[in-house]
Amino acid sequence: MTLDRLAPAIFVLLWSTGWVMAKYAAIYADPLTFLVLRYLFAAVLFIGFCILTGAVWPKNWTMAGHAVISGVFLHGLYLGAVWWAIGQGVPAAISGIIAGLQPLMTAVVAPALIGEDLSTQQKIGLGLGFLGIALAVVPKVLTIDTGATPIHMFPVVVNVLGMAAAAYGTIYQKQYLQDGDIRSIATLQYVGALIVTIPAVLLLENMRVIWSIQLFAALGWAVLVLSMGAVALLLYLIRRGQVSKAASLIYLVPPLAAVQAWLLFDEPLTLPMIIGTVIAVAGVYLTNRRAGE
């Protein structure tokens, strides 16, 4: 199989672990503090990787600036909001389901910003994906609203804003970073992530860190698997296909994140979540299937 066929499945599998990792890492460090450590290690490793492999750096400050700005949205604001919300008590499964709304938002604004039109089949697929995500999340939201689970709505809103930042970051990446070396672009994106995350840490957290083997294991997974492996695949997917198609892969993340949260943290896996997952997967298939297949 070619990388084009394998990359989506590998990306979804790796990216889905980010939500349970956020919950696990919060045991050993404040969420944003952990992200600063993650970004620092990722930036250093990417710089070394770029040097060893002879990566080409942006030829002008404009291109470098676009890479940094995309990192602000794709890493700093998106992951910062998600990890902070989970640290405030939003279940990993709910946070993953909120992320499933990203393709709809991306598909709605992409035509206006970059002129990317959707076929009728893609529109039906995105609609099914949204329906599936809605079916899975509505019972959870109602539980939050009725007070059965002690979760404040503000962290949920922050989680939604993070999803919106990821949607815009995906479009920004497609609009301004079609050319250039993916390796150097990914490195500069972590600079952008640090620019917004460090001030947030100083304002919101006590920088709690429990130095332990478990912390370094979490950092190893977050840096090597998520920040380097999964992000490199995401950038590759965005560059190779339509932005709405790349974003629609996020539909597959919520069910995997929910199952992982159920297995590792005993978060409930409900029937609406399962049914919604099936519908969402059907939407992913229609959105990504080539015409005539």
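## Surface and burial

Accessible areas are computed here by the Shrake-Rupley method with a 1.4 Å probe. On that basis, the protein chain of this predicted model exposes about 13300 Å², and carbon and sulfur atoms supply 72% of that area. Of the chain's 293 residues, 52% count as buried.

## Overall fold

The secondary structure of the protein chain consists of 13 helices and 0 strands.

## Nonpolar cores

The largest nonpolar core holds 55 residues. Those touching the most other members are Phe11, Trp15, Trp19, Phe34, Tyr78 and Trp83. Helix α10, spanning residues 213-240, gives the most to this core, with 14 residues. Apart from this core lies another, of 7 residues, which include Ala93, Ile133, Ala136 and Ala258.

Leaving aside neighbours within four places in sequence, Trp19 is in contact with Tyr78, Val82, Ile86, Ala92, Ser95, Gly96, Ala99, Val253 and Ala257.

## The second largest pocket

The second largest pocket has a volume of about 250 Å³. Its lining comprises 14 residues, and Gly76, Leu77, Gly80, Ala81 and Val158 lie nearest the centre of the pocket. Two or more lining residues come from each of α4 (61-87), α8 (153-176) and α9 (182-204). Helix α4 provides the largest share, 5 residues.

By class, the lining of this pocket has 10 nonpolar and 4 polar residues, with no charged residues.

Technical notes:
Residues numbered from 1 in each chain as written. Predicted model: local features only at pLDDT ≥ 70, side-chain atom pairs only at ≥ 80, totals over all residues. Heavy atoms only, no water. Core = buried A, V, L, I, M, F, W, Y, C linked by side-chain atoms within 4.5 Å. Buried < 20%, exposed > 50% of the residue type's maximum accessible area, 1.4 Å probe, protein only. Helix = DSSP H or I, 4+ residues; strand = E, 2+ residues; numbered from the N terminus. Contact = heavy atoms within 4.5 Å. 1 Å grid on protein atoms, 1.4 Å probe; cavity = no way out; pocket = protein on both sides within 12 Å on 5 of 7 lines; lining within 4 Å. Points joined across faces, edges and corners; volume = space filled by probe spheres on them. Nonpolar A, V, L, I, M, F, W, Y, C, P; charged D, E, K, R; others polar.
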